[in-house]
Amino acid sequence: MSRFMSPRFAGLEAYTPGEQPRDQVYVKLNTNESPYAPSPEVLAAVSQAEVEKLNLYPDPTGKVLKEKLAALYGVEAKNVFLSNGSDDILNFAFMAFCDSERGAAYPEISYGFYPVYADLYHVDSKVIPLKEDFSVDYRDYCGIGRMVVIANPNAPTGMEISLAEIEEILKSNPDNIVIIDEAYIDFGGTSCVDLIKKYDNLLVVQTFSKSRSMAGARLGFAIADAGIIEDLEKIKYSTNPYNINRLTLAAGEAAVDSNEYYVENAKKIAETREMTTVRLREMDFTVLDSKANFIFAKSNSISGKVIYEELKKKGVLVRFWGKAKIEDFVRITIGTPEQMNVLFDKLEEIIAEQKGD
Ligand SMILES: *Cc1c(COP(=O)(O)O)cnc(C)c1O
């Protein structure tokens, strides 16, 4: 930290993204990207004609994309907010809805960005442990009187809470925003989007980064009561009105137009996930039941650190935290069946080598 930085950031610990090493070609199963390319329609939309228009600012209202998303999700355009990746929405929400009196609550084991935003804005946070089986106990959040942030399915566990449980949290916190982060909803979970018509305190956050193969384009969206959307727009217009570039807007519109392609891909990924779960259990791994495009797994005989390090040496990247309660778990992104076969082969090798030692 230079002497110029405000001391209010002295204690801030920034988010650490998953590693992106360039020293060799890895089978990359560590940041939950889609293994499939964007749809042909998206490739066509990012055309030379679009590039030629980069001298012009993009539409700051994102009108066309909002209307397409509204039609897809059965809401109105005024219920849709667009942003530069869904991380941006989470950032805006902590900025807009929390302060020294308005705290936040989120699970202890969940997306690593929540505590970073809470720290950034000096938000008093209640960090709530998961149950023994790694599930979220919705009762912990009922009547909590703070902004609630829950990833559903949760990351890195992949486990889901039910709509009925989400409703209980919403009903018992009428004066607080409840954020349901649905980054992984398209891989088999049940979305709570329809509940925005019943609860004006619900903010559903989704992203084009995972199921829509556009992590590199940076596009996220939220669906909520129009009042919440207006608040988020106010923050956006107070920071960066042009936060989504032209090419990403064009790509996003084409992605919504080719929704079927992504539904198919999500189905394939879910099938590969089920196959991977079975296979890893056969290799004596404990694997949580996942509804996401990753699995959270631990070997019953080899430490998480060794699994992570040995896989990396063999050219396969997975995510490892080595934190209390999950020290032996690794999170493995579901790739193509071919990529998973490489993973299985390398794991077989590691198991044999560890036995040999
Ligand atoms: C990946 C992820 C996000 C953010 O993704 P963006 O690329 O910023 O849209 C948000 N929440 C969770 C739980 C995620 O895993």
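A cavity is a set of points, on a 1 Å grid over the protein atoms alone, where a 1.4 Å probe fits but cannot get out. The views below come from a predicted model, in which local features need pLDDT of at least 70, side-chain atom pairs count only at pLDDT 80 or more, and totals for chains, interfaces and linings use all residues. Residues are numbered from 1 along each chain as its sequence is written, and side-chain values use heavy atoms, with hydrogens and water left out.

**View A. Cavities in the whole structure.** A search of the whole structure gives two cavities of 30 Å³ or more. A volume here is the space filled by probe spheres set on the grid points, which are joined across faces, edges and corners.

**View B. Lining of the largest cavity.** This cavity holds about 40 Å³ of space. Lining residues have an atom within 4 Å of a point. They are Ser135, Val136, Ile150, Ala151, Asn152, Asn154, Thr157, Met159, Glu160 and Ile161. Five are nonpolar, four polar and one charged. Ala, Val, Leu, Ile, Met, Phe, Trp, Tyr, Cys and Pro count as nonpolar; Asp, Glu, Lys and Arg as charged; the others, Gly among them, as polar.

**View C. Lining of the second largest cavity.** Its volume is about 40 Å³. Among the residues that line it are Asp59, Pro60, Lys236, Pro241 and Tyr242. By class, the lining has six nonpolar, three polar and two charged residues.

**View D. Tyr106 and Tyr114.** The whole structure has 17 aromatic pairs. Rings of Phe, Tyr and Trp (its six-membered ring) pair if their centres lie within 6.5 Å; planes under 30 degrees apart count as stacked, over 60 as edge-to-face and the rest as tilted. The ring centres of Tyr106 and Tyr114 are 6.1 Å apart and their planes lie at 55 degrees, so this pair is tilted. Both residues are buried (under 20% relative accessible area, 1.4 Å probe, protein chains only). Ring pairs link Tyr106 and Tyr114 into a cluster with Tyr15, Phe94, Tyr111, Phe113 and Tyr117.

**View E. Phe208, Phe221 and Arg212.** The centres of the Phe208 and Phe221 rings are 5.7 Å apart, with planes at 70 degrees, so the pair is edge-to-face. Phe208 and Phe221 are both buried. Arg212 lies over the face of Phe208, 4.9 Å from the ring centre. A charge sits over a ring if NZ of Lys or CZ of Arg is within 6 Å of the ring centre and within 35 degrees of the ring normal.

**View F. Lys268 and Tyr36.** Lys268 lies over the face of Tyr36, at 4.3 Å from the ring centre.

Notes:
Buried < 20%, exposed > 50% of the residue type's maximum accessible area, 1.4 Å probe, protein only. 1 Å grid on protein atoms, 1.4 Å probe; cavity = no way out; pocket = protein on both sides within 12 Å on 5 of 7 lines; lining within 4 Å.
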